[in-house]
Amino acid sequence: NYTEKVGRSNCTTVTTFVLLGLFRCTELQILFFFMFLLIYTTTIIGNSLIIIVTVHPSFYTPMYFFLRVLSFMDICTSSVVVPKMLVNFLSQDKSISYLGCAAQLYLLIFLAAAECYLLVAMAYDRYVAICNPLRYTIMMNRRVCFSLVLLSFLTGTVVSVVQTAWVFTLPFCGPNKIDYFFCDISPLIMLLCTETSLYEIQAMTTTVLVIFTPFSVILLSYIFIIFRILTMPSAKGRYKTFCTCSSHLLVVMLYYGSGSLIYLRPKFSYPQGARKVLALVYTTMTPMLNPIIYSLRNTDVKRILRTMMKKVRERQ
């Protein structure tokens, strides 16, 4: 039973949720299983390679330190969502416990909010490197880098605790079916049996603080970076400098773009299928694409990867 009676009334409280999943087409569940298994495997391997490669002594710089943290967070984000989705593709029982759903929501909000602010730290690193190159080693020393990462984690913790506690202290009286492939805020508040307008205001405020404020800071930093690039006398120098920023800028557009469309209004009106596609972008596609984007646009990463592959072939 997914619900139980409460007191003497006819009201019921939800003890277990049912995830209806990404697709309703039961005939293609096996195909979807192998497709997302491939995506998940690529995500784990790609981000693990980024972490392993950037441990090389030639990558002891703030940019690669932030990239290692980003890759680790992408592995965690994908691991929170995809394994449960893979199990549901093959199982008739698509349930998730109340505590399991709360834990999944907490981890996703924590990782999403932390990554938003980590991308700000990466933008600040590029700003200092390009606009203040002579002071770069002072302004971006190891203590500053660790402090920025810690600040992003603390922000994620605060946001996730507030959001998760707010949702799960409100009553769920049934139904318990979530038309989604993971426990997220927007489908959960549609199951609440109470007025949610106050929560929607709170969610909007959180969206501004977690998405629009960091994105505005990143946008401002890139305005200064672009002005600095345009003043460079060498066309080759301008191109090389822009290439160091293009990967980060592309990741920012993918991540903030999909996130803002989902969380701008928790109960907005466009089709649920579109919501699921947008959720796929930041939970599965972006974590998979990040190592590809950064490695393809970075000659140092490609060089070390070629060296590693050469050593592997020689051992064989």
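1. In this note, contact means heavy atoms within 4.5 Å. The structure under discussion is a predicted model. By that contact rule, and leaving aside neighbours within four places in sequence, Phe36 is in contact with Leu22, Phe23, Val82, Met85, Leu86, Phe89 and Leu280. Phe36 also has a place in the largest nonpolar core, as the next point sets out.

2. The largest nonpolar core has 87 residues. The members that touch the most other members are Phe17, Phe36, Phe66, Phe168, Phe172, Ile178 and Leu188. Helix α3, residues 98-131, supplies the largest share of this core, with 20 residues.

3. Helix α3 deserves a point of its own. It has 34 residues and reaches 49 Å from its first C-alpha to its last, close to the 50 Å expected at 1.5 Å a residue. The helix is mostly covered, and 24 of its 34 residues are buried. Several of the residues discussed below lie in α3, including Cys101, Tyr98, Phe110 and Met122.

4. Met122 is found in helix α3. Is Met122 buried or exposed? Its relative accessibility is 6%, and because buried means under 20%, Met122 counts as buried. Leaving aside neighbours within four places in sequence, Met122 is in contact with Phe66, Leu67, Leu70, His248 and Tyr294. Of these, Phe66 is one of the core members that touch the most other members. Met122 and Cys245 are 123 residues apart in sequence, yet their C-alpha atoms are 9.6 Å apart in space.

5. On the cysteines, the count comes to 1 disulfide. Cys101 and Cys183 form it, with their sulfur atoms 2.0 Å apart. The link of Cys101 and Cys183 is left-handed, with -120 degrees about the S-S bond. The pair joins distant parts of the chain, 82 residues apart: Cys101 is in helix α3, and Cys183 is in the loop between β5 (177-178) and α6 (185-189). Cys101 is buried at a relative accessible area of 0%, and Cys183 is likewise buried at 0%.

6. Cys116 counts as buried at 5% relative accessibility. Cys145 is buried, with a relative accessible area of 4%.

7. The structure holds 18 aromatic pairs. One of them is formed by Phe17 and Tyr98, with 6.0 Å centre to centre and 15 degrees between the planes. Why does this pair count as stacked? The planes of Phe17 and Tyr98 are 15 degrees apart, and planes under 30 degrees apart count as stacked, so the pair falls in that class. Phe17 lies in strand β3 (residues 16-19) and Tyr98 in helix α3, so the pair ties together parts that are 81 residues apart in sequence. Phe17 counts as buried at 0% relative accessibility, whereas Tyr98 is partly exposed, with a relative accessible area of 24%.

8. A second aromatic pair, Phe110 and Phe153, is tilted: the centres are 6.0 Å apart and the planes 40 degrees apart. Phe110 lies in helix α3 and Phe153 in helix α5 (residues 142-168), so this pair ties together parts that are 43 residues apart in sequence. Phe110 counts as buried at 18% relative accessibility, and Phe153 counts as partly exposed at 26%.

9. Phe17, Tyr98, Phe168 and Phe172 form one aromatic cluster. Phe17, Phe168 and Phe172 are also among the core members that touch the most other members.

10. Ser71 has its place in helix α2 (residues 62-90). Ser71 counts as buried at 3% relative accessibility. Not counting residues up to four places away in sequence, Ser71 touches Asn47, Ile50 and Ile51.

11. As to annotation, UniProt, in an unreviewed entry, places the feature "transmembrane region" at residues 30-53, 65-83, 103-124, 144-168, 207-227, 239-257 and 277-296. How does the model look over such spans? Residues 30-53 are 100% helix and 0% strand, with the end C-alpha atoms 34 Å apart. Residues 239-257 are also 100% helix and 0% strand, and there the end C-alpha atoms lie 25 Å apart.

Note on methods
Residues numbered from 1 in each chain as written. Predicted model: local features only at pLDDT ≥ 70, side-chain atom pairs only at ≥ 80, totals over all residues. Heavy atoms only, no water. Core = buried A, V, L, I, M, F, W, Y, C linked by side-chain atoms within 4.5 Å. Buried < 20%, exposed > 50% of the residue type's maximum accessible area, 1.4 Å probe, protein only. Helix = DSSP H or I, 4+ residues; strand = E, 2+ residues; numbered from the N terminus. Disulfide = S-S within 2.5 Å. UniProt positions renumbered as here; feature names shortened; annotations may be inferred. Phe/Tyr/Trp six-rings, centres within 6.5 Å; stacked < 30°, edge-to-face > 60°. Expected span 1.5 Å × (residues − 1).
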